[in-house]
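Thanks, everyone. I'd like to walk you through one model today. Please keep the structure in view as I talk.

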Amino acid sequence: MLVKINSAALSGLDAYLIEVEVDSSRGLPGQSIVGLPDASVKESRDRVKAAISNSGFEFPPGYFTINLAPADTRKEGPIYDLPIALGILCSSEQIVSSRLNDVVIFGELSLDGTVRPINGILPMCISIKKHGKKTVLVPQENADESALIEGLDVIPIRTLLDAIAYLTGNNGWKPHKINFDDFFKEESKYDMDFSDVKGQFHAKRALEIAAAGGHNILMVGPPGSGKSMLAKRFSTIVPKLSIDEALELTKVYSVCGLLPAKKSLITKRPFRAPHHSISYAGLIGGGSNPKPGEISLAHLGILFLDEFPEFRRDSLEVLRQPLEERVITISRAIGSLTFPAQITLIAAMNPCPCGYYTDNLKQCTCTAFQIQRYWSKLSGPLLDRIDLHIDVPRLKQDELHSKPSGESSTNIRNRVTCAKEIQNKRFNDNPFCSNSVMSSKQIRQFCVLTDEAQELLKSAIIKLKMSARSYDRILKVSRTIADLGGLETIEACHIAEATQYRSLDRKG
């Protein structure tokens with residue numbers, strides 16, 4: 001008897017429906033799984049056999065052929081245990097169900113019949129809804145995450161027996177529901193605050209602009225000047241996630257299996273700070289079946305790269321795509337996958353290998369050649385894609401011994417949020433857009449300069465010998481500065497301030 005059960009499979013951050021076909025026939029007892037299964041899928045034969053027996057059913061004699069269709073895409077993971085077990089029971093007529101065509105099923109089985117949670121449930125539920133299916137059987141631990149998709153009837157189950165009870169007509173099951181407001185009730189609380197940072201008002205202002213417009217920033221300064229301290233507090237001033245952004249971010253963490261325990265929705269922007277010894281695949285993403293790397297895990301959040309020139313050259317150069325296009329593409333023989341990478345990059349570095357070039361108190365021990373080789377690790381095209389370059393000098397003695405006197409993160413965030421709301425209206429209430437990602441057409445439309453500002457920009461471009469990309473960066477940063485001031489037109493003072501944040505262009 002042939003039985004077909006609906007399930008789903010992942011391809012990067014997207015999912016697609018598959019059919020688990022189970023056919024029983026006479027012959028020597030055995031099973032074969034076809035449809036490009038990996039090792040973990042093939043091992044389901046033993047898990048399914050034990051789960052059926054330990055749930056009070058008889059594992060039927062005969063030969064079972066299990067096909068995962070379409071057969072030309074690779075299937076990974078133990079998520080097909082539950083549909084395979086139910087298919088075998090239906091094919092052997094131990095259970096009869098009229099609901100199989102209306103429900104989508106996935107879950108890993110323990111040997112005692114318990115259903116274990118799986119990764120990637122959110123993108124699979126999104127795909128299920130797109131294909132017109134309305135009911136999904138999911139492990140109990142995945143119920144909250146699945147219920148994030150409105151319009152789906154989510155049936156949480158703990159055991160194989162629970163799934164059988166639902167499919168055989170037990171009407172005592174109610175769809176699982178959640179309240180989105182509960183996830184956002186508590187405001188994100190941080191142990192750190194910008195008011196903790198002494199001095200560095202120039203750097204704080206630059207970080208405020210970066211947060212308001214989603215601009216990338218590079219901080220250059222000697223050890224102990226506060227670069228890492230400033231970067232770690234950046235999360236306290238960025239705007240809060242919207243519901244759409246939270247869902248988009250949760251998809252990434254769901255596929256990677258990195259959702260925090262007992263938390264089905266990520267409501268705080270991520271802050272990822274990989275060490276400079278990280279591998280290429282760890283930063284970019286990869287594997288035989290590519291998974292997101294640190295860049296995509298920082299999607300809609302902050303990627304902090306300390307000791308910037310110490311990262312591998314090939315890893316730094318590949319940053320050029322996500323900084324420009326806000327996505328990252330990984331190509332393999334089986335095809336290409338695109339992962340989201342709308343990040344705010346905060347990079348920090350010393351001015352030289354020893355760290356004390358231009359420092360007023362400690363003498364630099366590096367030669368000119370060593371300094372030149374150190375900076376040559378950062379290519380011009382990469383630096384062009386970083387909007388803000390700022391110097392973070394050592395604190396003076398009077399600043400070091402004084403009490404912190406800066407603004408609180410709450411006050412700064414309020415201004416940043418107002419500027420972000422202006423951008424949302426500008427870009428038709430699209431929360432994924434910001435000044436930093438404006439196209440050339442949008443720059444011409446929204447970056448209207450006064451005559452004085454126009455002349456000042458022309459002069460700066462000629463004197464600093466800036467590239468066309470640097471020209472666009474200055475306009476985008478100026479637009480954000482004007483938004484923070486609540487002004488529609490970009491004035492000369494905005495251009496002057498934006499030009500100050502191109503310190504590497506001035507040095508060149």
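One term before we start. A cavity here is a set of grid points where a 1.4 Å probe fits but cannot get out, and a residue counts as lining if it has an atom within 4 Å of such a point. Bear in mind, too, that this is a predicted model.

So, the cavity. The structure holds one of 30 Å³ or more. How much space lies in the largest cavity? About 250 Å³. Its lining takes 22 residues. Nearest the centre are Gly214, Arg269, Leu300, Gln342 and Thr344. By class, the lining has 11 nonpolar, seven polar and four charged residues.

Which helix gives the most to that lining? Helix 8, residues 201-213, with four residues.

Stay with helix 8. Its axis and that of helix 21 come within 9 Å and cross at roughly 95 degrees. That makes helix 8 roughly perpendicular to helix 21. On the helix 8 side, the contact uses Arg205, Glu208, Ile209, Ala212 and Gly213. On the helix 21 side, look at Val477, Thr480, Ile481 and Leu484. The class count for this contact is five nonpolar, two polar and two charged.

Now move along to helix 21 itself, residues 468-484, and its packing with helix 22, residues 492-500. The angle is about 125 degrees, and the axes are 8 Å apart. That makes helix 21 oblique to helix 22. The crossing is right-handed. Helix 21 brings Ile474, Val477, Ser478, Ile481 and Ala482. Helix 22 brings His494, Ile495, Glu497, Ala498 and Thr499. By class, that contact has six nonpolar, three polar and one charged residues.

Last pair. Helix 20, residues 451-464, packs on helix 22 at about 20 degrees, with axes 8 Å apart. Parallel or perpendicular? Helix 20 and helix 22 are roughly parallel to each other. Their crossing is right-handed. From helix 20 come Glu452, Ala453, Leu456, Leu457, Ala460 and Leu464. They meet Ala492, Ile495, Ala496 and Thr499 of helix 22. The classes here are eight nonpolar, one polar and one charged.

Conventions. Residues numbered from 1 in each chain as written. Predicted model: local features only at pLDDT ≥ 70, side-chain atom pairs only at ≥ 80, totals over all residues. Heavy atoms only, no water. Axes fitted to C-alpha atoms, helices over the stretch in contact; angles between N-to-C directions. Helix = DSSP H or I, 4+ residues; strand = E, 2+ residues; numbered from the N terminus. Parallel < 35°, antiparallel > 145°, perpendicular 65-115°, else oblique. Left-handed = near helix turned anticlockwise from the far one by under 90°. Contact = heavy atoms within 4.5 Å. Nonpolar A, V, L, I, M, F, W, Y, C, P; charged D, E, K, R; others polar. 1 Å grid on protein atoms, 1.4 Å probe; cavity = no way out; pocket = protein on both sides within 12 Å on 5 of 7 lines; lining within 4 Å. Points joined across faces, edges and corners; volume = space filled by probe spheres on them.
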